[in-house]
Amino acid sequence: MSAATDNRGMKSGIVIKDDWSGYSLDLFSYPEHYHDDIESVYIPHGVIMNRTERLAHYIMEDFRDDSIMVLCTLKGGYKFCADLVEFIKVLGRSSNKYVETRVEFIRLKSYRNDQSTEDLHIVGSRDLSFLRGKAIVDTGKTMKALLKHVETFEPKMVKVAGLLVKRVPNMAESLIDYVGFEIPNRFVVGYALDYNEYFRDLNHICVISKSGKMKYRI
């Protein structure tokens with residue numbers, strides 16, 4: 001793993017190389033019923049939390065004088081969003097630079113099994129008119145359609161925080177202002193990321209096994 005920035009100084013996150021297979025399951029605690037369904041622990045929970053705290057520092061530096069409307073994308077983004085907002089609050093209390101933070105939720109659904117489909121469903125927050133004139137931190141993925149939707153409400157500023165960015169052709173990293181980890185194009189689960197609604201209860205981000213895909217396939 002290594003940290004990286006682009007020419008503009010944007011934090012590009014911790015880069016996980018293509019040959020990284022993850023940590024042995026024997027080194028960590030996890031729900032026993034998933035023993036045969038995951039291959040390895042790809043990113044341990046403690047590392048996720050530490051990186052999320054660092055992203056909160058970046059956000060506090062950029063939003064010192066603004067209130068923030070956090071738009072959390074469900075369901076996969078809810079843990080990242082909750083932890084990120086909590087770190088922002090803790091940093092504000094400890095530094096006497098408290099940033100007013102409100103949270104709204106929207107659901108994006110674009111996966112069937114481990115494949116991304118062409119259909120993107122946006123569910124929730126039918127009336128976002130209260131976002132007008134606000135600064136927004138958006139947590140989640142599948143950003144292009146959502147950003148286009150949000151821009152119709154003319155927010156003061158839009159920033160995107162993403163825990164994971166996958167290295168794929170035409171990757172949308174330029175859309176994300178605060179990146180946790182850049183990872184290979186692998187299907188991972190845990191920390192609220194699911195495979196057909198399973199594995200959200202894993203604290204770590206893990207690699208799903210072939211038997212796990214077959215077991216929970218629809």
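Is Cys81 buried or exposed?

A: Buried: Cys81 has a relative accessible area of 3%, where buried means under 20%, exposed over 50% and partly exposed in between, with a 1.4 Å probe and protein chains only. Before going on, a word on the ground rules. This is a predicted model, in which local features need pLDDT of at least 70 and side-chain atom pairs count only at pLDDT 80 or more, while totals for chains, interfaces and linings use all residues. Residues are numbered from 1 along each chain as its sequence is written, and side-chain values use heavy atoms, with hydrogens and water left out.

Back to the cysteine. The closest cysteine sulfur to that of Cys81 sits in Cys72, 3.6 Å away, which is too far for a bond; a disulfide here is a pair of cysteine sulfur atoms within 2.5 Å. The disulfide count is zero by that rule. Cys72 is in no disulfide, and Cys72 is buried too, with a relative accessible area of 0%.

Now the wider interior. A nonpolar core is a set of buried Ala, Val, Leu, Ile, Met, Phe, Trp, Tyr and Cys residues joined through side-chain atoms within 4.5 Å. The largest one has 33 residues, and Ile43, Leu164 and Ile205 touch the most other members. Elements that each supply at least two residues include β4 (68-74) and α2 (78-95); helices (H or I, at least four residues) and strands (E, at least two) are DSSP runs, numbered from the N terminus. The largest share, seven residues, comes from α2. As for Ile43, its contacts (heavy atoms within 4.5 Å) include Leu164, Phe181, Ile183 and Ile205, leaving aside residues up to four places away in sequence. There's also a second, separate core of 13 residues, with Tyr30, Phe187, Leu202 and Tyr216 among them.

Strand β9 (residues 178-183) has six of its six residues buried, so it is largely enclosed by the rest of the structure. Strands pair if DSSP finds at least two bridges between them, and β8 (residues 157-166) runs parallel to β9 with five bridges joining the two. Across that pairing, Ala161 stands opposite Tyr178 of β9.
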